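Let's take a friendly walk through a protein model, one region at a time. Keep the structure open beside you and look for each residue as it is named.

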Amino acid sequence: MPSGNPPAKTGSTLASPPKAAPLQIRPPARRDVRRGPTAADAIHRDLRAEIVSLKRKPGDPIAEKQIAEAYGVSRTPVREAVLRLADEGLIEIFPQSGTFVSRIPLGALPEAGVIRKVLERATVRFAAERATRSQIAALRAGLERQREVDATGDADGFHQADEAFHAQITEMAGYPGFWTIIQQAKVQLDRCRRLTLPVPGRMRTVIAEHEAIVEAIAGHDPDAAERSLVRHLDNLQITVDDVRNAAPLYFSGSLIEDPAALAGGPR
């Protein structure tokens, strides 16, 4: 019997080549994309708040270089924020002249009031139907916050508490996205309202109107909730004389002399 190793086989079968090491694919270096967008968002938020609160008044110049230095960023995120504000109608850009806080367009106020009233009438009815005990308690806590800032005469704090109150109602209704739409639509109305908040007794009047809305929601009475809300929004209307006498240089265009439109639509 033959000894030794068997002869190697011949034919089509070949020895397998050694396996190559798996290809190492490294992901590209991760770039920190948060700084730019985050800076632009922060600048947009802060500038918007300053414009709506009238800390930056209509006609005031917007110095992009100074803003960039204040935030420690390049002018790119500042420019992005400014363009977003221009889209919202809060900033006007004049080539060769400069960038300025826009004047309040009187002609835009009636439509803004209609949009707000239509959406909030729907949400307050849903809120009255669906409100839970904890949600009602949260609304009442919001009223307490409004009383606190009223007692200190803090108009900025009151505006924030007022916004939170109406936002809570849309959340209770199950349509929190409505508040985003309402905020976008009513931004020019908010600027007008900030001229009236310092009037003595004005904040207390608003709180009383809010209390009526809360009681109707707590009673799960959609009709009463809607009536209270409509009364509240009607009382927020900006009359032609109020607008003209407050600060004429803050406004542009003309206002339609239609009280129902200014109040937010048909009663």
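We begin with helix α2, where K65, Q66, E69 and A70 are exposed on one side. The model you are looking at is predicted. Which residues of α2 are buried? They are E64, I67 and A68, within a helix that spans residues 64–71. Looking down the axis of α2, you would find these buried residues within an arc of 100°, so they line one face of the helix. Here is a handy rule to go with that view: an α-helix has 3.6 residues a turn, so residues three or four places apart point the same way. Just after α2 comes G72, with a positive phi of about 70°.

**The whole protein**

Now zoom out. The protein has 267 residues, and 40% of them count as buried. Its secondary structure consists of twelve helices and four strands. If you take the contacts between residues at least 6 apart in sequence, 77% of them join residues at least 24 apart.

In soluble globular proteins, nonpolar side chains tend to be buried together. In this model, the largest nonpolar core has 26 residues. V124, L139, F158, F165, I169, I213 and I217 are the ones with the most contacts inside it. The elements that give two or more residues to this core are α4, α5 (133–152), α6 (155–173), α9 (202–218) and α10 (222–235). Which helix gives the largest share of this core? That is α9, with seven residues.

Leaving aside residues up to four places away in sequence, V124 touches I169, I213, I217, A225, E226 and L229. Apart from this core lies another one, of 17 residues, and among them are I43, I62, I67 and A81.

Two packed helices are described by the angle between their axes and the distance between the axes. Let's apply this to α6 and two partners.

The axes of α6 and α9 lie 12 Å apart, at an angle of about 15°. Angles under 35 degrees count as roughly parallel, so α6 is roughly parallel to α9. Their crossing is left-handed. On the α6 side, the contact is made by A155, F158, D162, F165, H166, I169 and M172. On the α9 side, M203, V206, I207, H210, I213, V214 and I217 take part.

With α7 (residues 177–185), the axes come within 8 Å and cross at roughly 140°. That angle makes α6 oblique to α7, and this crossing is right-handed. Here E163, H166, A167 and T170 of α6 meet F178, W179 and Q183 of α7.

Is H166 buried or exposed? At 0% relative accessibility, H166 counts as buried. Not counting residues up to four places away in sequence, H166 touches R116, E120, W179, H210, L229 and H232.

| Pair | Apart in sequence | C-alpha to C-alpha |
|---|---|---|
| L106 and Q188 | 82 residues | 8.6 Å |
| H166 and E120 | 46 residues | 8.4 Å |
| G219 and I136 | 83 residues | 10.0 Å |

**A few loop residues**

L106 sits in the loop between β3 (104–105) and α4 (109–130). Its relative accessibility is 8%, so L106 counts as buried. G219 belongs to the loop between α9 and α10, and at 52% relative accessibility G219 counts as exposed.

H220 is also in the loop between α9 and α10. With 42% relative accessibility, H220 counts as partly exposed. The phi of H220 is near 50°, a positive value in a residue other than glycine.

L54 is not a glycine either, yet has a positive phi of about 70°. You will find L54 in the loop between α1 (35–52) and α2. Its relative accessible area is 10%, and L54 is therefore buried.

Technical notes. Residues numbered from 1 in each chain as written. Predicted model: local features only at pLDDT ≥ 70, side-chain atom pairs only at ≥ 80, totals over all residues. Heavy atoms only, no water. Buried < 20%, exposed > 50% of the residue type's maximum accessible area, 1.4 Å probe, protein only. Arc of directions from axis to C-beta. Core = buried A, V, L, I, M, F, W, Y, C linked by side-chain atoms within 4.5 Å. Contact = heavy atoms within 4.5 Å. Axes fitted to C-alpha atoms, helices over the stretch in contact; angles between N-to-C directions. Parallel < 35°, antiparallel > 145°, perpendicular 65-115°, else oblique. Left-handed = near helix turned anticlockwise from the far one by under 90°.
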